[in-house]
Amino acid sequence: MTVDDTREARTEAVRALEAEFGELITRFRRIISDNANRVSPGMLPGAYKVFTTIVRRESITLSALAESLMADKGQISRTVRELEQLGLIERTPDPDDGRSSLLSPTARGLERLAEARAPQESSLLVALEDWPIDDIRNLSHLLHALTAGESPGR
């Protein structure tokens, strides 16, 4: 154990990291809220999250969507109906299970999402413009390890 690797130093470093994550989360919440409003004025961030999850998955059942988002199936169902009424998503029969439907983005939904994301799409690229590419790759590697609950394995 080095001098810097004491329990106190580690706790202080983790607290600083937690504070930075807090700032990052606040910034992303603002971006998500702005994007949601650009997709459809008055859209709540939760509905935007449901919509972008459907877009990312390309097609997903309601049950799998609720499980993926760790959310109440009833609430997800209501949000899905709202997204359908806005013309952002559509239901098609699930070929593997006749009792359920697959949720997919519509062409209009994909277009609205692209328009909503456009204003800040390059902001991360601009923010990291002066960073060495190895630092960007290392940050990605470390964040992946953290979210996966793994050791970064240097």
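The buried residues of α2 are A47, Y48, V50, F51, T52, T53, I54 and V55, where buried means under 20% relative accessible area with a 1.4 Å probe and protein chains only. Helices are DSSP runs of H or I with at least four residues, and strands are runs of E with at least two, numbered from the N terminus. The model is predicted: local features need pLDDT of at least 70, side-chain atom pairs count only at pLDDT 80 or more, and totals for chains, interfaces and linings use all residues. Residues are numbered from 1 along each chain as its sequence is written, and side-chain values use heavy atoms, with hydrogens and water left out.

At 1.5 Å a residue, the 13 residues of α2 should span 18 Å, which agrees with the 18 Å between its end C-alpha atoms; the expected span is 1.5 Å times one less than the number of residues. After α2 comes E58, with a positive phi near 70 degrees.

An open sheet is formed by 3 strands in the order β1-β3-β2, with antiparallel pairing. Because β1 and β2 stand at the edges with a single partner strand each, one side of each is left without a neighbour in the sheet. Two strands pair if DSSP finds at least two bridges between them; 2 bridges join β1 to β3. T61 stands opposite L102 in β3.

| β1 | 60-61 |
| β2 | 89-94 |
| β3 | 97-105 |

Among the helices that each supply at least two residues of the lining of the largest pocket are α1 and α2, and α1 gives the most, with 9 residues.

Notes
Buried means under 20% relative accessible area, exposed over 50%, partly exposed in between (1.4 Å probe, protein chains only).
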